[in-house]
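Please open the structure in your viewer and keep the sequence panel beside it. The tour below moves from one selection to the next and says what is to be found at each stop.

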Amino acid sequence: MPERSHLQHVIESAIDFAIVVTDLDGIVTDWNAGAENIFGWRSGEILGTSADRIFTARDRAAGRPREEMHVALAEGRAADERWHVRKDGSEFWASGELMPLRREDGTRHGYVKILRDRTGPREAGERLRKTEDLFRTLLDTVETAFAIVEVKFDGDHPVNYRFLEANPAFERQAGVNLRGKWVTEFAPDLERFWFETYGRVAWTGEPANFESYANNFERWFDARAIRVGEPADRHIAIFFNDVTARKVAEAELRTLNDTLEQQVQERTLELNTLWDTSPDFLLVIDFAGVFRRVNPAWTKMLGYTPEELLGRHVNAFVVPDDHAETIDAYTAAAEGAQPRIVNRYRHKDGSLRWISWVAVPAGDMLYATGRDVTAEKERDALLRDAQDFARLALSAVGGVGVWTYELDSDRFFYDAAIAKLYAIDPDRGSEGIPRPDFLANVHPDDRPALKTTMTGGLANAGDLELEYRLCHSDGTVHWVLSRGHTYHDAEGRPLRRTGVGIDTTSQRQTEEALRQSQKMEAVGQLTGGLAHDFNNLLAGISGALELMQTRMGQGRFAELDRYMTVAQGAAKRAAALTHRLLAFSRRQTLTPKPTNVNQLILGMEELIRRTIGPEIGLDVVGAPALWPALIDPGQLENALLNLCINARDAMPAGGRITIETANTHLDRAAALRHDLPEGPYLVLSVTDTGTGMPPEVIARVFEPFFTTKPIGQGTGLGLSMIHGFAQQSGGQVRIESEVGRGTTVCLYMPRHCGEAEGGDVALQLSSVARAGQDETVLIVDDEPSVRMLVTEVLEDLGYTAIEAADSTAGLKVLQSDVHIDLLVTDVGLPGGMNGRQMADAGRERRPDLKVLFITGYAENAVLGHGHLEPGMQVLTKPFPMEALAARIKDLIVAR
């Protein structure tokens, strides 16, 4: 009976344990002090009622209480680890088990349920899991290599090992991706040292720290290996750094001074595995602090037998620093208090254990229960170390910070670096702020892409990355590169996202400065070349006109034609130069139409043969069933002639030019290589057998005024014009060349799904149809000479011409009652409106007004990005008078 009395006192004093006894129907028959402490119901309130009330409504609805009884009867015990309910309605996480009670004759007469509140350890485990997530992010970014390895044994002999996981630094330092592979697949002759070392760690659990040279990798490694997981899994974790450079330096030092010995101290990383949960201590101690009775947990947890403990003072096993607190605790209990303390006990092997105690006095004894919290203390220390390590690592890298987004709370948690970068409150980083507040300063134009990326990162596996802008209150704009990883639960539901933010503002500013520098260099080249060529052309025009004036004064009219021919030739060359400049800037006015390129080449073949001369052979290979191309035929003729002239100049001693056409379809990969959209294209190629070009020349051939020809033999605008024309037409130019073998230039043109149009018929001014009765044309141009010439041509053809010098005067005429059949206007006009705006305003009063824009510089924005409304056309200056007359007639008669 004394033994039973002591045991009863121990059970009643175990207020950290709930012990609930029920009959076979689940009606509570006994309820200890621990149950009162944990659940809140006193025994008088709970006895005689159903034990179902300690289960949550969810578990009651699911029939968990009866299911637990059934399992306990069938198997002798039923584990119980779930949420439970207190008297005040709050829920807590508890761990325990239910066992059937039997009489001495073996018949069942009820159940006993023993459980303990585990809410704290569960929350600690959750904090540890977040720390592990942070460590995962850090392992993916730090330079230290890390891998998890499975060692394969033949008996107790290690024969191979496989890499289960590896961070990016591992692949960089090892020089190869070994994830999922056995090491013998990559290095069949790897030294036995690696197998023996890793095998010893996996077999014995003893960590290994070493430096060794791997012949297959040709590198020195500073490595640490520890066993992780279950011993039977034979898994080890490896941390290593490539120390080849240091080893080479040490070898060089030893060579210089043989007497110098340098001991390299290896830094070891102490990683401790978590200890399994152990049974709690039960103790009967008197008020003098002397052990009177202990349970078997003392032997298991501290290594002492009961004989070594009983009759001895508690402080014989407690570390000296905790003696005073221990004495205060049992003294307070003698006065009726129920103290709670945590003190340190010395294990028999000399190590320390942290024990959390709760004591209750009864009679002349103190009954106490103790729980080993060493693992929790170590987890807290590990958490602090991890936080300190993260702060130190990130503070060493300027402009980089860490953030975590919790889905359940829809809040961001962040460090000081992120607060500075995102211009948000640094004091709220640890408590978290709502997602809209965290992203409040994102640039409005970047919000849609950010929302899409964040949504996709939650729905899809893998990491996410996005660069966007942040607007600070001082008006500055900062660029941030955000990289993160989403973590999911066991069922694949996203829980949180952890990542880093990197300030890339300086990098962006550097790139912009470089682009501006390149732009200014190109403008300088363009200005110098343009001035040189136009000075030559203006000299020819002005000289010819002066001589014409002189000869007219002398009465020598017979020589005027010669000087007029010179002036007109210079003017045409100037016009051709401006077209090349517009093509280079991709602003020339193009008239794309469905074109039969084979027929266009055939029509130019004779001109090309005369241009290249008899020393150069010409082959034309036109593909059968060639698709039509949507292209400006005049600009294509100019481009083809330029390519043939370049090919001729590359063959001073003679050679052969081949012009070929082909149909092709660019798939995704080919389209990316050619910088084009995926789809069908027609290819026109010109190949020569000339001198070819080295790579450094090919890299510059599209620059304005770049030429390899001698001074005076080329402007350097030919290929730049072709490049601009091709890109403006939706195509591309590519060059392949080999020095001494020749060059091929390929012009890619978009296919037209339809039939090609017929060629244009050249007109003479005298053959253009004359005006109908009372047909009137309004001419608006700020250049008097242009107005004068256009007016004279129109009046010669019988039209009534009305002139206006600016948009204000032109609009006034359009808004009057004057009959007007056609508006001819420049695009760039003074008066507050351009030509397009004036025409649109005129059409509000005259909806059917026909419009012909004449311009030397076609602004896409003014002309609706190349799309004109019906009844509108464009004619590029300078133009033949007969072309102007024909275009005016066509517009007026069109319906």
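What pLDDT does the chain average, and what share of the residues score at least 70? This is a predicted model, and its chain averages a pLDDT of 79, with 81% of the residues scoring at least 70. Colour the chain by confidence and select helix 1 (residues 2–13), where confidence is lowest at a mean of 50, and then strand 25, where confidence is highest at 93. Within residues 1–7 the pLDDT stays under 50, and the model has four contacts for them beyond four places in sequence. Residues 711–716 also have a pLDDT below 50, and this stretch has ten contacts in the model beyond near neighbours in sequence.

Next, select strand 26 (residues 679–688), which is mostly covered, since eight of its ten residues are buried. Strand 26 pairs with strand 25 (residues 655–666) in the antiparallel sense, over ten bridges, and Thr658 can be found opposite Thr687 of strand 26. Strand 26 also pairs with strand 28 (residues 742–750), again in the antiparallel sense, over eight bridges, and here Val686 stands opposite Val745 in strand 28.

Now turn to helix 21 (residues 633–649), and ask how far apart its end C-alpha atoms are. They are 24 Å apart, which agrees with the 24 Å that its 17 residues should span at 1.5 Å a residue. An α-helix has 3.6 residues a turn, so residues three or four places apart point the same way.

Stay with Cys644 for a moment: is this residue buried or exposed? Cys644 has a relative accessibility of 1%, and because buried means under 20%, Cys644 counts as buried. A search of the whole structure finds zero disulfides.

Finally, show the aromatic side chains, among which the structure holds 26 aromatic pairs. One of them is formed by Tyr414 and Phe438, a tilted pair with 5.9 Å from centre to centre and 45° between the planes. This pair links distant parts of the chain, with Tyr414 in strand 17 (residues 411–414) and Phe438 in helix 16 (residues 435–438), 24 residues apart, and both Tyr414 and Phe438 are buried. For the last stop, select Tyr161, Phe163, Phe193, Trp194, Phe195, Tyr198 and Phe210, which ring pairs link into a cluster.

Technical notes:
Residues numbered from 1 in each chain as written. Predicted model: local features only at pLDDT ≥ 70, side-chain atom pairs only at ≥ 80, totals over all residues. Heavy atoms only, no water. Buried < 20%, exposed > 50% of the residue type's maximum accessible area, 1.4 Å probe, protein only. Helix = DSSP H or I, 4+ residues; strand = E, 2+ residues; numbered from the N terminus. Pairing = 2+ DSSP bridges. Disulfide = S-S within 2.5 Å. Expected span 1.5 Å × (residues − 1). pLDDT = per-residue confidence, 0-100. Contact = heavy atoms within 4.5 Å. Phe/Tyr/Trp six-rings, centres within 6.5 Å; stacked < 30°, edge-to-face > 60°.
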